[in-house]
Amino acid sequence: MNKRGGFRGILTVTVSGVSPERFFNLCTFHGICFSGIQKKQDGLSFQMHPCDFCRARRLARKAQVRLKIAEKKGLPFWIRRSRKRLAFFAGILLCTAFLYGSSLYIWDIRLEGNTKYTDSILLNYLESLGYVHGMPKAGIVCEEIEKEIRNQYHDITWVSAEITGTRLIIQVRENSVMEETAPDGNEVNTGDITAEKAGVIVSMVTRTGTPAVHVGDEVEAGQLLISGTVTVYDESGSEISSSQVQADGDVFAEISYGYEDSFPMTFSEKHYTGKETSRHYLWFFGKRLYLPGRKGEYPASDQIDSYSQIHVWGNFYLPLGFGTVTVREYQDTQAVYSEEAAEAQAEARFLLYCGQLEAAGAQIEDASFQAECDTDVCRATGTILAVEEISRR
């Protein structure tokens with residue numbers, strides 16, 4: 001017998017009288033189960049199921065003993081004690097229905113592995129296809145999502161979409177080098193490779209085609225680097241045949257960039273006054289419900305929006321969330337760079353420009369600049385020596 005009660009319930013009963021032994025013998029003879037007999041000050045105590053208690057009372061009269069219920073445990077008694085708490089049970093029922101209903105929809109779309117295409121770009125494209133927060137999971141075909149993304153973005157080579165809990169997780173893999181394919185599988189592309197920029201060639205690898213320049217040559221933008229014409233000669237140097245192919249190769253050149261930049265010595269600066277207001281809101285089924293509060297209306301201000309979506313566990317996200325919008329007042333003030341601050345700003349702008357070149361694939365070998373400031377403008381000039389690929393098909 002389960003002493004914790006369970007679904008059937010358990011009674012702790014005390015028996016007192018002249019012949020408790022006869023009572024226990026009668027219960028055993030009639031198939032009434034009991035357990036946990038213990039000696040108490042007012043008699044003996046034991047546990048039994050509520051359905052056997054009425055039969056045991058009739059046997060107690062025969063044995064001339066008295067039964068008294070000392071404790072009731074189990075689900076039946078808990079429900080009986082809670083029968084006046086209808087709102088509590090209604091809340092449990094509604095909560096269960098809400099969780100079940102929410103599990104049928106997608107409430108969070110997560111993107112992984114994307115670098116070139118931001119989340120907003122891919123989410124906007126998915127929205128144009130009808131894949132949005134709050135859509136039924138039954139209407140989602142993951143294979144169709146994968147196919148649509150691959151067809152729209154050709155440099156995304158691999159896509160995986162899966163539904164986990166109430167989340168749609170999309171993993172992508174981007175190809176940094178686009179492969180050129182012929183428009184017809186039976187047609188062979190032909191063409192030359194020309195210089196995209198002017199420079200001095202430092203490295204050259206020809207895979208197909210005929211080299212038109214060599215390492216150490218200085219080339220101009222648009223100059224032929226690798227010809228798509230392949231000519232075959234005999235031992236005497238006479239041309240036997242020629243064919244057209246798509247030239248292919250890697251040509252790297254040393255390029256010198258001249259750098260010029262200028263900016264005024266005066267600039268606008270945000271000065272926060274310390275005045276700010278915060279408004280709290282609830283995110284409910286994709287809509288914001290703002291709680292009562294004063295709106296921040298300032299002549300000049302910015303705002304910080306912090307948001308958190310509720311999830312029960314792991315990937316089971318709910319259409320519920322909460323957030324805070326904080327509006328901060330500021331005043332635009334005019335400030336003047338000191339000579340040291342202006343030179344530091346010029347250096348930061350120069351380093352930013354170098355970083356942009358490196359992000360485009362250039363390998364910077366040498367870079368130098370100098371800044372000159374007067375009362376109105378700070379001017380910077382410099383030279384950047386970089387190695388980068390200049391081949392253009």
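This report describes the overall form of one protein chain and then the surroundings of selected residues. The model is predicted.

## The chain as a whole

The protein chain contains 7 helices and 22 strands. Its radius of gyration is 41 Å, whereas the globule rule gives 21 Å for 393 residues, so the chain is more spread out than a compact globule. Along the principal axes, the C-alpha atoms occupy a box of roughly 130 × 70 × 40 Å.

Of the 393 residues, 31% count as buried. The protein chain exposes about 25,100 Å², and carbon and sulfur atoms supply 51% of that area. When contacts between residues at least 6 apart in sequence are considered, 64% of them join residues at least 24 apart.

Helix α2 covers residues 50-62 and bends by about 30° at Ala56. Ala56 is also one of the buried residues of α2, which are Asp52, Phe53, Ala56, Leu59 and Ala60. The cover over these buried residues includes the strands β1 (10-17), β3 (43-48) and β4 (65-73), together with helix α1 (20-29).

Gln64 follows α2 and is found in the loop between α2 and β4. Most residues other than glycine have a negative phi. The relative accessible area of Gln64 is 60%, above the 50% cut-off, and Gln64 is therefore exposed.

Ser102 is found in helix α4, which comprises residues 86-102. Its relative accessible area is 3%, and because this is under 20%, Ser102 counts as buried. Which residues does Ser102 contact, leaving aside its neighbours within four places in sequence? They are Trp107, Thr166, Leu318 and Pro319.

Glu388 has its place in strand β21 (residues 377-389). With a relative accessible area of 9%, Glu388 is likewise under the 20% cut-off and is therefore buried. Not counting residues up to four places away in sequence, Glu388 touches Lys197, Val251, Phe252, Ala253, Ile255, Tyr257, Gly361 and Ala362.

Ile163 is found in strand β6, residues 156-164. Its relative accessibility is 29%, which lies between the 20% and 50% cut-offs, so Ile163 counts as partly exposed. Leaving aside neighbours within four places in sequence, Ile163 is in contact with Ile106, Lys137, Ile140, Cys142 and Leu168. Of these residues, Lys137 is 26 residues from Ile163 in sequence, with a C-alpha to C-alpha distance of 7.9 Å.

Leu291 is found in the loop between β17 and β18. Leu291 is also partly exposed, with a relative accessible area of 38%. Beyond its neighbours within four places in sequence, Leu291 is in contact with Arg279, His280, Tyr281 and Leu282. Tyr281 and Leu291 are 10 residues apart in sequence, and their C-alpha atoms are 5.4 Å apart.

## An exposed loop residue

Pro292 lies in the loop between β17 (287-290) and β18 (301-313). Is Pro292 buried or exposed? Its relative accessible area is 86%, which is over 50%, and Pro292 is therefore exposed.

A further pair concerns separation in space. Pro292 and Ser241 are 51 residues apart in sequence, and their C-alpha atoms are 85 Å apart.

| Pair | Apart in sequence | C-alpha to C-alpha |
|---|---|---|
| Ile163 and Lys137 | 26 residues | 7.9 Å |
| Leu291 and Tyr281 | 10 residues | 5.4 Å |
| Pro292 and Ser241 | 51 residues | 85 Å |

Conventions: Residues numbered from 1 in each chain as written. Predicted model: local features only at pLDDT ≥ 70, side-chain atom pairs only at ≥ 80, totals over all residues. Heavy atoms only, no water. Helix = DSSP H or I, 4+ residues; strand = E, 2+ residues; numbered from the N terminus. Rg over C-alpha atoms; globule rule 2.2 N^0.38 Å. Buried < 20%, exposed > 50% of the residue type's maximum accessible area, 1.4 Å probe, protein only. Contact = heavy atoms within 4.5 Å. Areas by Shrake-Rupley, 256 points an atom, 1.4 Å probe, with all protein chains shown as cover. Bend = angle between axes of the 7 residues up to and from the residue.
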